[in-house]
Amino acid sequence: MIRVKYLILGAGPTGLTLARSLLDAGESSVLVLEAASEPGGLCRSAVVDGAPLDIGGGHFLDVRRREVLDFLFRFLPEADWNLFSRRSTIQFAGLEMDYPFEANLWQLPVDEQVEYVVSVAEAGCNTGAPMPRTFEDWIVWKLGQRIAQTYMLPYNRKIWSTDLSRLGTYWLHKLPDVSLRDTVRSCLTRQPAGTIPAHGRFHYPKAHGFGEVWRRLGASLGHALRLDTPASRLDAERLVVNDAFQAEHLVTTIPWHAWREAAGLPEAVRAAIGRLDHVGVRIDYRPEPAGSQAHWIYVPDESVAHHRILCRGNFCPGARGHWTETNPRRAGAPGLWQHVNDYAYPLNTVDKPRAMALVTDFAAARNITPLGRWGLWEHLNCDLAVAEALSAARALLAREAAS
Ligand SMILES: Cc1cc2nc3c(=O)[nH]c(=O)nc-3n(C[C@H](O)[C@H](O)[C@H](O)COP(=O)(O)OP(=O)(O)OC[C@H]3O[C@@H](n4cnc5c(N)ncnc54)[C@H](O)[C@@H]3O)c2cc1C
């Protein structure tokens, strides 16, 4: 049995950042177990057709968290990143409109604009109706029937490929906020209005794709990172993993489903884990040009399998071709190269907060720290995953110093 003070499951951005921060603070007994043969999790890249391709889907580093940028620039210096102003568009009714749809209705013919604005004015949020409990009803309440029926519902049916009435409304701060006034103003001034929550400006590496920074961060860990080592036998009472590693502090960034058969798991927690749902994403590379100036394009048309197109030549210098992102539950012609991520998005079901409260209360009582996209079962972007790992390292060290 190998005894480890800090045993971390998963070497995505969260696990890598936590391990590096603990080592930086002088801790020497730190070990990360990673199932894959490379660090980086969903943020990995591969070389496909002579250029980088992000195998977990298109990834862009938001510029707003200074502490995170300073941390990542240690491994991939700022000069090795390009800085972009976001250009994302929507394929809609034979047009390529700017995103978000509700802030760019002015790009539609005038008669259409009138119908959309009237529909927004009649939306529940503008007529004083109470906010609904499910995502599906919320879309109609917030944006009106017309935007809901032609764009938002079809797009969301594609990406989540589930009954949208299963999803809750507690996560919607992630979506653009465009009021009726913003919509009217944008139609009159023929320019966008409202706020986009993420990636207004973003960094992307000049070479080797988004995975490069995580590859280097992983390399900096040396023997503290064990690749090709899935955590498969978990003992939640003794904090023992694979009958081989015994932890003083166990940090889990892997999907909770890996814990379902863990020893010492109360039945209620096992059942709560069973209620956590997720969806995957399939990446298909296609060598032909995307024929757009955008960095990426949303595709709400339900007769097309994929929901997003990544125009990699517009953010990877010298790259040709594009890749598409598709929920694996949908069919669709395979690309020249394909990669399926089984775990891409945690599903924000109505019941998730209750299920996660049971899981995290149990973890806290056993000295297990859940962290990251899968530990918390939240749509964390990687800048937030890094920020949370930096602060978790401080909290673990403070707890240790106090004991
Ligand atoms: C399509 C898509 C696009 C995205 N775009 C952006 C973006 O533009 N910008 C942005 O900031 N974020 C983006 N994200 C979010 C980003 O991917 C996450 O924030 C980030 O990957 C979270 O890191 P993590 O370490 O918590 O999880 P992950 O990256 O999922 O890492 C988890 C790690 O655990 C490992 N693991 C799983 N099971 C086991 C096991 N049993 N034993 C050991 N190891 C295991 C996995 O192999 C993986 O390496 C996007 C996500 C998706 C799906």
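Trainee: How far is the sulfur of C382 from the closest cysteine sulfur?
Mentor: It's 4.5 Å, to the sulfur of C43, and that's too far for a bond. A disulfide here is a pair of cysteine sulfur atoms within 2.5 Å. Keep in mind that this is a predicted model: local features need pLDDT of at least 70, side-chain atom pairs count only at pLDDT 80 or more, and totals for chains, interfaces and linings use all residues. Residues are numbered from 1 along each chain as its sequence is written, and side-chain values use heavy atoms, without hydrogens or water.

Trainee: How many disulfides then?
Mentor: The count comes to zero. C187, for instance, is in no disulfide, and its nearest cysteine sulfur, in C125, is 16 Å away.

Trainee: Is C382 buried or exposed?
Mentor: Buried, at 10% relative accessible area. Buried means under 20%, exposed over 50% and partly exposed in between, with a 1.4 Å probe and protein chains only. C187 is buried too, at 13%.

Trainee: OK, the ligand. Which residues are closest?
Mentor: T14, E34, H59, L380 and C382, out of 31 residues that surround the ligand; a residue counts if one of its heavy atoms lies within 4 Å.

Trainee: What does C382 do there with a polar backbone atom?
Mentor: That atom sits 2.8 Å from an oxygen atom of the ligand. A polar backbone atom of A231 is 2.8 Å from a ligand nitrogen, and a backbone N or O of A35 lies 3.1 Å from a ligand nitrogen.

Trainee: Which element gives the most to the shell?
Mentor: α11, with three residues. α1, β18 and α12 are also among those supplying at least two each. Helices (H or I, at least four residues) and strands (E, at least two) are DSSP runs, numbered from the N terminus.

Trainee: Switching topic: how many residues are in the largest nonpolar core?
Mentor: 86, with L18 and W214 among those with the most contacts inside it. A core joins buried Ala, Val, Leu, Ile, Met, Phe, Trp, Tyr and Cys residues through side-chain atoms within 4.5 Å. Apart from that core lies another, of 31 residues, including A231 and W377.

Trainee: What do the buried residues of α5 pack against?
Mentor: α3, α4 and α6, where contact means heavy atoms within 4.5 Å. F135 and W138 are among the buried ones.

Methods: Polar contact = N/O pair within 3.5 Å; in protein donor to acceptor, adjacent residues only side chain to side chain.
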